[in-house]
Amino acid sequence: ENLPDQNYREAFMLLNEMASHQENKMIMIDSGLVTTSLVYMRHPDAEVRRESTSLLGSLLSVKKGRDVLPDEMVCQVFSPMLLQDQLKCREVCGWMLCRMTSGRDGVEKLIRLDQVQYIIRSFKENSDKFSKDEAMFLIYLLECMACILQTDDGIEHFVSTSAMKRYNEILLREDHPFGEYETRIRYLCLYCTSLIAMSSEGKEESIKHNMIKTANKYLRHEDEDVVNSATRLIMFSSIHLDGKTLAVAPQDDEIITNLIALLEHKNKDIVRNAEIAIRNISELPKGFMIISKYLSSHLPHLDKIFGSKAIVPLYSLLFKIDRPPFVTVENKDAAMRYALAISYFINHPDHRGDALNYAIEKTCKIVDRLLPLLLINTNQQGQAEIAKAVQAICEEDEKNRASFQQFLVKHGEFQNPLYETNLLNEVANYKELFDIYQFRQEEKQETAQGQPQPRPTSGSVNRGITSATSPKDKSAAPPRTPPKD
């Protein structure tokens with residue numbers, strides 16, 4: 001008592017050096033130095049406050065130290081240092097809180113003693129100027145807040161406190177006020193926001209501040225932790241209906257295309273979060289359509305995320321081309337891409353049953369949209385896939401089979417100027433498919449003569465494309481074998 005400040009400083013400095021050893025920490029805790037440190041955190045000399053706070057942080061890094069931390073003194077000491085003290089003391093106080101929250105019991109103590117409000121308040125007040133000088137202190141507070149937010153009881157203390165608003169303000173800054181600490185601070189802001197968005201109230205707050213749009217800015221960031229936290233934020237926010245709406249709002253589909261790009265990321269956590277976010281957004285019909293449009297170029301991802309139910313939006317995307325010339329320079333690439341995606345599921349042995357069900361029950365005469373794409377004879381492998389899919393649909397469904405025949409009767413001989421061919425010529429390249437057309441023609445003739453024939457079955461028409469002919473003159477056709485599937 002009544003010793004020069006220098007004596008106290010030197011004593012605590014010596015204790016801090018000794019506290020680097022675990023055994024010494026236990027001895028200090030047994031000696032009552034947790035309470036002693038708290039007492040000197042209110043000392044008039046700033047250096048004494050700093051050294052005593054540093055010692056307390058070391059002692060609170062072990063559970064035994066947290067167990068003997070007196071509740072009453074915590075309430076008296078922590079908030080004044082967080083809110084009123086000079087920067088160097090606040091920095092050490094932030095570090096001490098990080099050590100305390102390294103254990104769940106420390107987090108629970110801060111929540112029980114209602115100290116979270118002072119942590120949030122200090123963060124808001126000291127981040128207001130976006131100063132590099134405050135960067136280290138803000139990082140300590142953000143890391144402490146992240147630990148608190150990882151508990152169920154912790155999230156409720158952040159909702160409606162404007163903490164997310166401040167996170168958003170930091171994330172939207174175009175300059176870099178925090179210098180070399182910029183990436184760490186932005187990552188922690190995204191991470192904390194994603195944790196808040198796990199709760200129902202947090203989702204609503206994230207939507208209020210349009211955090212999906214903010215997070216989208218970071219989906220292409222060079223730091224993986226930043227990207228992962230941004231993806232998590234979109235993933236949680238897009239569970240909410242309004243979140244899905246915000247995700248599909250950009251005219252250029254930027255949020256969706258950025259998420260799709262992440263499906264190729266080397267980080268598996270990022271890929272998983274992106275997949276979930278995409279599924280969330282696809283629950284909105286417009287989202288399902290947009291996502292399917294872009295994933296039609298990435299069939300493995302389309303398959304993994306949606307499976308054969310993607311046929312429904314792909315059918316809508318495959319605009320009806322029922323008037324000559326059917327296929328043009330303007331529509332051929334997109335139409336072929338969607339048709340091939342549909343054919344992929346119908347022809348895939350693991351999806352065939354479900355795919356045919358979607359194609360027949362959830363669309364209207366899907367063959368009318370697939371059939372004109374057979375005019376694209378420069379892509380023989382793609383043409384063969386589409387022909388195989390059309391055949392499978394016709395074999396399975398009477399309405400599509402009738403529509404297939406009617407389409408060929410009406411438009412089969414029209415000569416497409418771009419590919420210098422017609423549908424009858426191209427369909428005739430696939431014997432089993434052409435047999436369906438011929439059978440329908442013969443059936444109509446025999447029905448008109450009063451001798452109706454049974455419709456084709458799997459026995460009368462072979463399923464699958466196994467051989468082909470390519471007659472330009474249907475009576476005498478040179479053989480052509482299409483590329484193998």
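**Notes on a predicted, helical chain**

1. His411 is found in helix α27, residues 398-411. Setting aside neighbours within four places in sequence, His411 is in contact with Asp322, Pro324 and Phe326, where contact means heavy atoms within 4.5 Å.

2. A word on the ground rules: this is a predicted model, where local features need pLDDT of at least 70, side-chain atom pairs count only at pLDDT 80 or more, and totals for chains, interfaces and linings use all residues. Residues are numbered from 1 along each chain as its sequence is written, and side-chain values use heavy atoms, leaving out hydrogens and water.

3. Now the overall fold. The protein chain has 29 helices and zero strands; these are DSSP runs numbered from the N terminus, with helices being H or I of at least four residues and strands E of at least two. The radius of gyration is 34 Å, well over the 23 Å that the globule rule gives for 485 residues, so the protein chain is more spread out than a compact globule. That radius is taken over C-alpha atoms, and the rule is 2.2 Å times the number of residues to the power 0.38. Along its principal axes, the C-alpha trace spans about 120 × 40 × 35 Å.

4. Of the contacts between residues at least 6 apart in sequence, 73% join residues at least 24 apart.

5. Ile207 sits in helix α14, residues 200-208, and is buried with a relative accessible area of 15%. Not counting residues up to four places away in sequence, Ile207 touches Ser237, His240, Asp242, Gly243 and Leu246. From Ile207 to Ile255 there are 48 residues in sequence and 15 Å in space, C-alpha to C-alpha.

6. If you are setting up cysteine states, the count comes to zero disulfides, a disulfide being a pair of cysteine sulfur atoms within 2.5 Å. For Cys89, the nearest cysteine sulfur is that of Cys93, 9.1 Å away. For Cys144, the nearest is that of Cys98, 5.8 Å away. Cys89 counts as buried at 0% relative accessibility, and Cys144 counts as buried at 0% relative accessibility.

Note on methods. Buried < 20%, exposed > 50% of the residue type's maximum accessible area, 1.4 Å probe, protein only.
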